[in-house]
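These are my notebook entries on what I looked up in one structure. I record each point in the order in which I examined it.

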Amino acid sequence: AKASDTLAAAVRSDRPDIILLDIDLGREPDGFAVLEQVRRQDDPPPVVMITGAHRVDIEAVVRTIKVGAYHYVAKPPHMAELLNIMDKAIAEGDLRRRVADLQEELEGLRDEMVCVDPVSRALLQDIDRIAPAEGSVLITGETGTGKEMVARRIHARSGRAEGPFQDVNCPAIPETLIESEVFGHIRGAFTDADRDRTGKVTLAAGGTLFLDEIGSCTGAFQSKLLRFLEERTFERVGEDRKIDADVRVIAATRLDLSRAMAEGRFRDDLFFRLSGFQLHIPPLRERPADIMAQAATFLHRAAAAQGKAIGGFSAGAREMLETYAWPGNSRELRNTIERAVVFCDGDEIGVGNLQVGHQQSVPVAQPWDAAKSRVVADLKRLYLPAQLKRAGGDAARAADLSGLNERTFKRMLKEIGIDPAKGTGE
């Protein structure tokens, strides 16, 4: 077992393109045991098994294929045939990894950026200027604004576009496991570590590592990440050997990192390392021209997916979409349109098909006061932004048009996340 562990460890460290493995190694364990060890690794290289027998052993062939060998040849092999097998194995492995990467990239680009508003057009220009550079990028913005799409666009327009794009959703990973997820671990590093794990840094070699919601990470992981960014080397959990890394790091967060640093929850030195370039994605409500452009794009895709001939939006539906504050940004808009398509039986989306904010059917299961509060809250989210837009962003005039006291109107705007002084969400 110790010998097979040593051989498997050599494979992990050297990461060969292919392995030629003799079944009879002249000692215990045999080649089958080593093959099993190699196949348990993440993204193992293809293995061609070789035997000294002059005729093919059918039982051995079946066993090697079941364990996961790419091919089986007898010694002495015909070199032309062996080289052909090796070329095919390497090419198929590369193709398999590339297909997996492309499938992930296509899923991430499913809702590619739709930029019509001058604000978002300017952002797009900044993205394309930053993309060819090699520095780290920090992307900030509210939930649903498309931070991952921006990261993928940077990757796709960089010199690393042919390399992999690996993403880590930091808050979705327990704090005890995130170091292993990012940097990997070796077998036995901790309880339940029954096999080696290749970290995202290794998988992203030659490409981009995207750390989503970096603001949620603990201080311990922040320290390890900082050291990685400074040295461009890392150690897998449970291993002392340093490994060089060739990745570009892009991080994103919806949190106010300035406040987090002031409160001691985020390292300022890590912030400076991550923010070689900074991009802020304004909320959708600050890019009004994008609302209908994105809505039309989402409508086209959803209608095509469901086989419906829905051509557009009624005037009332358009007004509702344009005046709603969209606290969930593009993600909320997409979900709203997809839901509207499901319930639309005509050739255009009407007001009755749209459910924005927390709109529900009348909540009769609740006490009167609770139901009233809920309905009023929904009314505020629809009514107040529409009046503010009607008044050209002038809160005082909007209050007058509404028949409300100016102070009351402004207070209600703040309750739904809109800054009366700016006419936009805070």
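**Entry 1: Helices H2 and H3**

I began with helix H2 (residues 31–39) and helix H3 (residues 58–67), which pack at an angle of about 20 degrees with their axes 10 Å apart. H2 is therefore roughly parallel to H3. On the terms, I noted that angles under 35 degrees count as roughly parallel, over 145 as roughly antiparallel, 65 to 115 as roughly perpendicular, and the rest as oblique. The axes are lines fitted to C-alpha atoms, for helices over the stretch in contact, and the angles run from 0 to 180 degrees between N-to-C directions. Helices (H or I, at least four residues) and strands (E, at least two) are DSSP runs, numbered from the N terminus.

I found the crossing of H2 and H3 to be right-handed. A crossing is right-handed if the near helix is turned clockwise from the far one by less than a right angle, and left-handed if anticlockwise. In the contact (heavy atoms within 4.5 Å), Phe32, Leu35, Glu36 and Arg39 of H2 meet Ala60, Arg63, Thr64 and Val67 of H3. By class, these residues divide into four nonpolar, one polar and three charged. Here Ala, Val, Leu, Ile, Met, Phe, Trp, Tyr, Cys and Pro count as nonpolar, Asp, Glu, Lys and Arg as charged, and the others, Gly among them, as polar.

I also noted the basis of the entries: this is a predicted model, in which local features need pLDDT of at least 70 and side-chain atom pairs count only at pLDDT 80 or more, while totals for chains, interfaces and linings use all residues. Residues are numbered from 1 along each chain as its sequence is written, and side-chain values use heavy atoms, with hydrogens and water left out.

**Entry 2: The whole protein**

I next looked up the overall figures. The secondary structure comes to 17 helices and 16 strands. Of the 426 residues, 45% count as buried; buried means under 20% relative accessible area, exposed over 50%, and partly exposed in between (1.4 Å probe, protein chains only). Among contacts between residues at least 6 apart in sequence, 68% join residues at least 24 apart.

**Entry 3: Two further helix pairs**

I turned to helix H5 (residues 118–130) and helix H6 (residues 147–156), which pack at an angle of about 45 degrees with their axes 8 Å apart. H5 and H6 are therefore oblique to each other. H5 passes H6 in a right-handed crossing. Leu124, Ile127 and Asp128 in H5 meet Val150, Arg153 and Ile154 in H6. I counted four nonpolar, no polar and two charged residues in the contact of H5 with H6.

For helix H12 (residues 288–306) and helix H13 (residues 315–323), I noted an angle of about 125 degrees and axes 9 Å apart. H12 and H13 are therefore also oblique to each other. The crossing in which H12 passes H13 is right-handed. Ile291, Met292 and Ala295 of H12 make the contact with Arg318, Leu321 and Glu322 of H13. The contact of H12 with H13 has four nonpolar, no polar and two charged residues.

**Entry 4: Cysteines**

How many disulfides does the structure hold? I found zero disulfides. A disulfide is a covalent bond between the sulfur atoms of two cysteines; the criterion is a pair of cysteine sulfur atoms within 2.5 Å. The sulfur of Cys170 lies 3.7 Å from the closest cysteine sulfur, in Cys217, and this is too far for a bond. Cys217 is accordingly in no disulfide. I noted that Cys170 is buried, with a relative accessible area of 3%, and that Cys217 counts as buried at 8%.

**Entry 5: Positive phi and a loop**

Which phi does Glu213 have? I found a positive phi of about 55 degrees, although Glu213 is not a glycine. Glu213 is placed in the loop between strand S8 (208–212) and helix H9 (219–231), and Glu213 is buried, with a relative accessible area of 13%.

Gly215 is also found in the loop between S8 and H9. At 14% relative accessibility, Gly215 counts as buried. Not counting residues up to four places away in sequence, Gly215 touches Thr253, Leu255, Leu257 and Phe266. Gly215 and Phe271 are 56 residues apart in sequence and 9.8 Å apart in space, C-alpha to C-alpha.

Lastly, I looked up Asn329, which has a positive phi of about 60 degrees although it is not a glycine. Asn329 is in helix H14 (residues 329–343) and counts as buried at 0% relative accessibility.
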